[in-house]
Amino acid sequence: MKKTLVILMILPLFLLCSCVRTGQKDSIDFISSMLKSGYDCRIEETVSGDKLKESCYINGCKLSMYSDAQGRLVNVTVTYQGEKSQGFEKIARDTVKAFCGFENEMVNEIFGILGVQDPLTFDTKGVRRCDTEWYGFGFTSDKTGGTLAVVSYRLEPASVPDVTLNTTVPFLSEKSSS
């Protein structure tokens with residue numbers, strides 16, 4: 001009886017002390033998702049303007065994460081050097097899944113619009129963009145390399161991906177999963 005009473009008295013304390021983080025992802029959440037996908041990220045931290053920039057290299061691609069003053073992850077970029085980087089598209093797809101929480105179908109739609117595997121044509125002005133309700137995506141490439149930039153519109157509503165130059169932007173809407 002004493003044990004039961006003690007457990008009942010301590011249980012509310014455990015519940016209060018075991019707070020679960022809620023809200024937007026931070027870089028630790030993102031890196032954990034990337035680790036689950038099989039990537040090994042050795043992070044280097046720098047300050048870039050008013051944001052904390054954390055970067056790592058995966059198979060010759062640079063993955064950069066930018067967090068605001070509250071520690072929330074506001075955008076990510078994946079960059080490669082040269083004409084084609086081995087594994088860039090897979091790393092970029094896994095980055096979008098980890099950052100946005102999208103399923104394969106949505107990621108396929110986004111990458112179909114961005115045309116990551118195709119050379120950019122003159123009419124794109126060197127950039128392809130795509131938007132969803134909560135995220136903006138931009139992709140650019142040339143003979144020196146390429147970059148995929150993803151911005152969270154929830155946290156940076158006035159921002160667009162850094163690689164933005166194109167005037168027409170396809171918009172994708174997520175299907176609700178009920």
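Trainee: Which residue of strand β3 is the bridge partner of Tyr57?

Mentor: In this predicted model, the bridge partner of Tyr57 in β3 is Lys62.

Trainee: What makes β2 and β3 a pair of strands?

Mentor: Two strands count as paired if at least two bridges are found between them, and β2 and β3, which covers residues 61–67, have 7 bridges in the antiparallel sense, so they are called a pair. The two strands form a hairpin with 2 residues between them, and in the turn Asn59 has a positive phi of about 50 degrees.

Trainee: Why is the pair of Phe30 and Phe99 called edge-to-face?

Mentor: The search of the whole structure finds 6 aromatic pairs. For Phe30 and Phe99, the ring centres are 6.5 Å apart and the planes stand at 80 degrees; the definition asks for centres within 6.5 Å and for planes over 60 degrees apart, and therefore this pair is edge-to-face.

Trainee: Which parts of the protein does the pair of Phe30 and Phe99 tie together?

Mentor: Phe30 lies in helix α2, residues 27–36, whereas Phe99 lies in helix α3, residues 88–100, so the pair ties together parts that are 69 residues apart in sequence.

Trainee: How do you know whether Phe30 and Phe99 are buried or exposed?

Mentor: Buried means under 20% relative accessible area. Phe30 has a value of 0%, so Phe30 is buried, and Phe99 has a value of 5%, so Phe99 is buried as well.

Trainee: What makes the pair of Phe99 and Tyr135 edge-to-face?

Mentor: The centres of these two rings are 5.5 Å apart, which is within 6.5 Å, and their planes are at 65 degrees, which is over 60, so the pair of Phe99 and Tyr135 is edge-to-face. Because Phe99 lies in helix α3 and Tyr135 in strand β6, residues 135–142, this pair ties together parts that are 36 residues apart in sequence.

Trainee: Why does Tyr135 count as buried?

Mentor: The relative accessibility of Tyr135 is 7%, which is under 20%, and so Tyr135 counts as buried.

Trainee: Which residues do the ring pairs link into a cluster?

Mentor: The cluster linked by ring pairs consists of Phe30, Phe99, Phe102, Tyr135 and Phe137.

Technical notes:
Residues numbered from 1 in each chain as written. Predicted model: local features only at pLDDT ≥ 70, side-chain atom pairs only at ≥ 80, totals over all residues. Heavy atoms only, no water. Helix = DSSP H or I, 4+ residues; strand = E, 2+ residues; numbered from the N terminus. Phe/Tyr/Trp six-rings, centres within 6.5 Å; stacked < 30°, edge-to-face > 60°. Buried < 20%, exposed > 50% of the residue type's maximum accessible area, 1.4 Å probe, protein only.
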